[in-house]
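We will walk through the model stop by stop.

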Amino acid sequence: MDFALATELYPEDYWYRSDAYLNMDSELDLIQVIQQLHGSLDPRTVFACFGKILGQHLPIKGLQLTLDKQKFVWGRHYGIELQRTVADKQDQFNMVYQLAMPLSSAQAHMLSRLESMFIQPLSNALKYQSMSKQAMFDSLTGLGNRHYYNQAIGTALARANRYQGQVSLVVIDLDKFKQLNDIHGHKAGDYVLVGFAELINEAIRNTDQAFRIGGDEFVIITQGDTQAAEIVCQRIIDMMPKHAQLTEYDIKCSLGIAEAIPEQLADNLYDRADKAMYTAKAAGRNCYRISEG
């Protein structure tokens, strides 16, 4: 599902095959190894590079690395198991190697040297990944933020124009949210916002993207025409009475839909959907309306 939900990292398995174990007696070019490991800021790429180097120089068939809730996997799951822990100043990396044969003392020394060269670029890549997520995602709900939305809608419209596709925008506003904050406080408001974000993620399709762009304002980029957007909107309305975090405070929402026209600017598309949302509010709230122009 192409939407932004990432307040915390969940376990993921990344599989990489080495070129096969080549020559464990080949001379190790330390400068080349360092250059390769520092060649990317993508954690998966750095890990894949480390696995390939292991496979070229040591009788290692596979590796599993875990750090907190992240998991990386390379190679095969069977062989002689070797568990090691490698730590830097802040993190502790748990490594489980699968060996084709026991390591000699020289090979064990080589593995230690490779690990010491690997941890720093991996840590750098993980920190860069974390900073990138913070820049693109709303810290409270985990949805994409306004900055991410501006990038995503531009990309979606450009793609639609290039391939003559259809894109619709849904603007959502929670009804009487200010009253909720005034009566119950901002903690209750945050509780509702998190619950509503979870509901949106359940309601949208794999091809849709959801964002929180303001206090209680959300938008969804829908791949398709207004009919596709209507289905998403109706699903949100139908799901709200079944969501405990929303029913506890009797929360409802108003939604506006606008389908992009060829060469339309993102701001114009948003304005049309926003006006449709206010039409829904005027119609009694807890409903959606479609832009007429």
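The tour below tells you what to select next and what is there.

Before you click, note that this is a predicted model, in which local features need pLDDT of at least 70 and side-chain atom pairs count only at pLDDT 80 or more, while totals for chains, interfaces and linings use all residues. Residues are numbered from 1 along each chain as its sequence is written, and side-chain values use heavy atoms, with hydrogens and water left out.

**Stop 1: helix 5**

Select residues 177–184, which form helix 5. Helices (H or I, at least four residues) and strands (E, at least two) are DSSP runs here, numbered from the N terminus. Which residues of helix 5 are buried? They are Phe177, Leu180 and Asn181; buried means under 20% relative accessible area, exposed means over 50%, and partly exposed is in between (1.4 Å probe, protein chains only). Now look down the axis of helix 5: the buried residues fall within an arc of 95 degrees, so they line one face of the helix. That arc is taken from the directions from the helix axis to the C-beta atoms. Turn to the other side of helix 5 and you will find Lys178, Asp182 and Ile183, which are exposed.

What do the buried residues of helix 5 pack against? Their partners are strand 5 (167–174) and helix 6 (186–203), where contact means heavy atoms within 4.5 Å. Just after helix 5, select glycine 185, which takes a positive phi of about 95 degrees.

**Stop 2: helix 5 meets helix 6**

Show both helices together. The axes of helix 5 and helix 6 come within 7 Å and cross at roughly 140 degrees. Axes are lines fitted to C-alpha atoms, for helices over the stretch in contact, and angles run from 0 to 180 degrees between N-to-C directions. Helix 5 and helix 6 are therefore oblique to each other; angles under 35 degrees count as roughly parallel, over 145 as roughly antiparallel, 65 to 115 as roughly perpendicular, and the rest as oblique.

To see the contact, select Phe177, Leu180, Asn181 and His184 in helix 5, which meet His186, Ala188, Gly189, Val192 and Leu193 in helix 6. The residues of this contact divide into five nonpolar, four polar and no charged. In this sorting, Ala, Val, Leu, Ile, Met, Phe, Trp, Tyr, Cys and Pro count as nonpolar, Asp, Glu, Lys and Arg as charged, and the others, Gly among them, as polar.

Stay in helix 6 for alanine 188. Alanine 188 is buried, with a relative accessible area of 8%. Leaving aside its neighbours within four places in sequence, alanine 188 is in contact with Leu180 and Tyr249.

**Stop 3: glutamine 245**

Jump to helix 8 (residues 244–247) and pick glutamine 245. Is glutamine 245 buried or exposed? Glutamine 245 is buried, at 15% relative accessible area. A polar atom of its side chain lies 3.1 Å from the backbone oxygen of tyrosine 191.

**Stop 4: strand 5**

Next, select isoleucine 172 in strand 5. At 0% relative accessibility, isoleucine 172 counts as buried. Draw a distance line between the C-alpha atoms of isoleucine 172 and serine 254: they are 82 residues apart along the chain and separated by 5.8 Å.

Aspartate 173 is also in strand 5, and aspartate 173 is buried at 13%. Which side chain does aspartate 173 join in a polar contact? The partner is lysine 281, at 3.0 Å; a polar contact is a pair of N or O atoms within 3.5 Å, and within protein one must be able to donate a hydrogen and the other to accept it, with residues adjacent in sequence counting only if both atoms are side-chain atoms.

**Stop 5: helix 4 and helix 9**

Show helix 4 (residues 146–163) and helix 9 (residues 266–282), whose axes come within 10 Å and cross at roughly 105 degrees. Helix 4 and helix 9 are therefore roughly perpendicular to each other. Tyr149, Ile153 and Leu157 in helix 4 meet Ala266, Leu269 and Tyr270 in helix 9. By class, this contact has six nonpolar, no polar and no charged residues.

**Last stop: a loop**

Most residues other than glycine have a negative phi. Arginine 285, however, has a positive phi near 70 degrees. Asparagine 286, in that loop too, has a positive phi of about 55 degrees.
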